[in-house]
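Please look through the sequence and the 3D structure shown below before reading on.

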Amino acid sequence: MTEIRPKTPPTFEQLKAMAGQELGVSEWTTIDQNRINQFAECTGDHQWIHVDPERAKRQSPFRTTIAHGYLTLSIIGALALDLGIVPENTQAAFNYGFDKVRFLAPVRVGARIRLRTTLLSVEDRGPGQYLMKAANTVEIEGEQRPALTAETLVMLYERRKRAAP
């Protein structure tokens, strides 16, 4: 598949016409133990399989710590911004939810992941409001199975034109 990196963000009309197309592939990002520990602090999820490297080495089927599934899911937003797909005249973009989330493979500490995104649809939801639905795959470098797949829903608000004085 070809990586698509728009040089300039699309307009809302151009984005609508891109339904069914791959929007791009993000850069690789490393999931290190510090990031996993910070996520555990934020969420209160201190399960040993994520935060105790010594115990994970002894008792985990993966022989190392793994990222929280929700950590991997939460990274989608940041990686998607790197793709440059938010229309140029966007005033605001809000997470509207997820559909069909599936955790398919663990992300081991030290692994590199990236996001591959395909636009499914852009629906008009009112004047200057659009619901963008995209299929996302979080790939793990060197692994055949992805970490997860999820459909994201993002509400986009077009910047209003100012009335002439």
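Helices (H or I, at least four residues) and strands (E, at least two) are DSSP runs that are numbered from the N terminus. This is a predicted model, in which local features need pLDDT of at least 70 and side-chain atom pairs count only at pLDDT 80 or more, while totals for chains, interfaces and linings use all residues. Residues are numbered from 1 along each chain as its sequence is written, and side-chain values use heavy atoms, with hydrogens and water left out.

Arg63 is placed in the loop between helix 4 (53-59) and helix 5 (69-81), whereas Lys100 belongs to strand 3 (residues 90-103). Lys100 counts as exposed because its relative accessibility is 58%, given that buried means under 20% relative accessible area, exposed over 50% and partly exposed in between (1.4 Å probe, protein chains only).

Thr152, in strand 6 (residues 148-158), is buried, since its relative accessible area is 12%. Its side chain is joined to that of Asn136 by a polar contact of 2.9 Å; a polar contact is a pair of N or O atoms within 3.5 Å, where, within protein, one must be able to donate a hydrogen and the other to accept it, and residues adjacent in sequence count only if both atoms are side-chain atoms. Leaving aside neighbours within four places in sequence, Thr152 is in contact (heavy atoms within 4.5 Å) with residues including Ile76, Phe98, Met132 and Asn136.

A nonpolar core is a set of buried Ala, Val, Leu, Ile, Met, Phe, Trp, Tyr and Cys residues joined through side-chain atoms within 4.5 Å. The largest such core has 20 residues, and those with the most contacts inside it are Ile31, Leu71, Ile76, Val107, Ile113, Val138 and Ile140. At least two residues of this core are supplied by each of helix 2 (33-43), helix 5, strand 4 (112-126), strand 5 (129-140) and strand 6, and the largest share, six residues, comes from helix 5. Apart from this core lies another, of twelve residues, among them Met18, Tyr130, Met132 and Leu156.

Once neighbours within four places in sequence are left aside, the contacts of Ile31 include Ile36, Leu71, Val107 and Ile113.
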